[in-house]
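Welcome! Here are some exercises to work through with the structure at hand, each followed by a solution in steps.

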Amino acid sequence: MNGGNPHRLVLWDIDLTLIDLPGIGAEWYTHALATVTGETMREIPWFPGRTERAITTEVLAAHGIEADEELVRRMWSELVAVSAAQRDALPERGRALPGAAEALAALAATGGVVQTLVTGNLAEVALHKLSAFDLHGHLDFELGGYGSLSAHRPDLVDHAVRRSAAKHGVEYPPESVVVVGDTPHDIDAALTHGAIGIGVATGRFGMDELRASGAHTALPDLRDTTAVLAAVLR
């Protein structure tokens, strides 16, 4: 991480923003549901932009199971376990999205930029996914807002901002916080806090849809490092 006085806090989404692991979420949830409850997955949830707390609760309810906290956490333990077991094989199942490594490295080389995560993933799963593609080195995982915290994505932004401010001993005014993601949920989470929202059209939403959701900037992907830096450091 960069030293000095941080002037930008960059909060990255993971899935379909930095990496693409098609079908892995449904596969891991199917495994967790069967292992924890003995149920066969009958209804695949909608994953993009949502948090693990929201998804897990929905999966259990869809199968007629009360989503008490103990059961939710047992599901999460299985998700962590299966992601750890499959970590080394993930590059065979998916890819780092073009430009992701270069964007992370370029921002890390820019003085005063702190990079962490706001993601629907659990913290451990986030590390397993990103380290599998060697995308973890420039991110401060300790500061991230993760999907275990809340069903509401804006809460994750608030958590990451507070953790980052406490660690670095600075205040991050809203305009110094940048959220980068591929869904309108990411943009909404940014706008809720007055932060900058950058949409990346590498998921299920195009640039027009991301702009319509309020994105300050919409990029087709992360290939143009200069454009990424311009959007983040505006």
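## Exercise 1: The largest pocket

The largest share of the lining of the largest pocket comes from α1, which gives 5 residues. Keep in mind that this is a predicted model.

**Task.** Describe the largest pocket: what is its volume, and which residues are the closest to its centre?

**Solution.** 
- Step 1: Start with the volume, which is about 560 Å³ for the largest pocket.
- Step 2: Look at the centre. The lining has 30 residues, and Asp15, Gly25, Phe47, Pro48 and Lys129 are the closest to the centre of the pocket.
- Step 3: Find the elements involved. Those that give two or more residues to the lining are α1 (24-37), α2 and α6 (123-132).
- Step 4: Sort the lining by class. This gives 14 nonpolar, 7 polar and 9 charged residues.

## Exercise 2: α2 against α3

**Task.** Find helix α2 (residues 52-62) and helix α3 (residues 69-86). How are α2 and α3 oriented to each other?

**Solution.** 
- Step 1: Take the geometry. The two helices, α2 and α3, pack at an angle of about 110°, and their axes are 10 Å apart.
- Step 2: Name the arrangement. Angles of 65 to 115 degrees count as roughly perpendicular, and α2 and α3 are therefore roughly perpendicular to each other.
- Step 3: List the partners. From α2 come Glu52, Arg53, Thr56, Val59 and Leu60, while α3 brings Glu69, Leu71, Val72, Arg73, Met75, Trp76 and Leu79.
- Step 4: Sort the contact of α2 with α3 by class, and you get 7 nonpolar, 1 polar and 4 charged residues.

## Exercise 3: α3 against α6

**Task.** Which residues of α3 and α6 meet, and is their crossing left-handed or right-handed?

**Solution.** 
- Step 1: The axes of α3 and α6 come within 9 Å and cross at roughly 15°.
- Step 2: That angle makes α3 roughly parallel to α6.
- Step 3: The crossing of α3 and α6 is left-handed.
- Step 4: On the α3 side you will find Leu79, Val80, Ser83 and Ala84, which meet Glu124, Val125 and His128 in α6.
- Step 5: The classes in the contact of α3 with α6 are 4 nonpolar, 2 polar and 1 charged.

## Exercise 4: α1 against α3

**Task.** At what angle do α1 and α3 pack, and how does the contact of α1 with α3 divide by class?

**Solution.** 
- Step 1: The angle between α1 and α3 is about 125°, with the axes 9 Å apart.
- Step 2: α1 and α3 are therefore oblique to each other.
- Step 3: The crossing in which α1 passes α3 is right-handed.
- Step 4: Among the residues making the contact are Trp28, Tyr29 and Leu33 of α1 and Met75, Glu78 and Val82 of α3.
- Step 5: The contact of α1 with α3 divides into 10 nonpolar, 5 polar and 3 charged residues.

Notes:
Residues numbered from 1 in each chain as written. Predicted model: local features only at pLDDT ≥ 70, side-chain atom pairs only at ≥ 80, totals over all residues. Heavy atoms only, no water. Axes fitted to C-alpha atoms, helices over the stretch in contact; angles between N-to-C directions. Helix = DSSP H or I, 4+ residues; strand = E, 2+ residues; numbered from the N terminus. Parallel < 35°, antiparallel > 145°, perpendicular 65-115°, else oblique. Contact = heavy atoms within 4.5 Å. Nonpolar A, V, L, I, M, F, W, Y, C, P; charged D, E, K, R; others polar. 1 Å grid on protein atoms, 1.4 Å probe; cavity = no way out; pocket = protein on both sides within 12 Å on 5 of 7 lines; lining within 4 Å. Points joined across faces, edges and corners; volume = space filled by probe spheres on them. Left-handed = near helix turned anticlockwise from the far one by under 90°.
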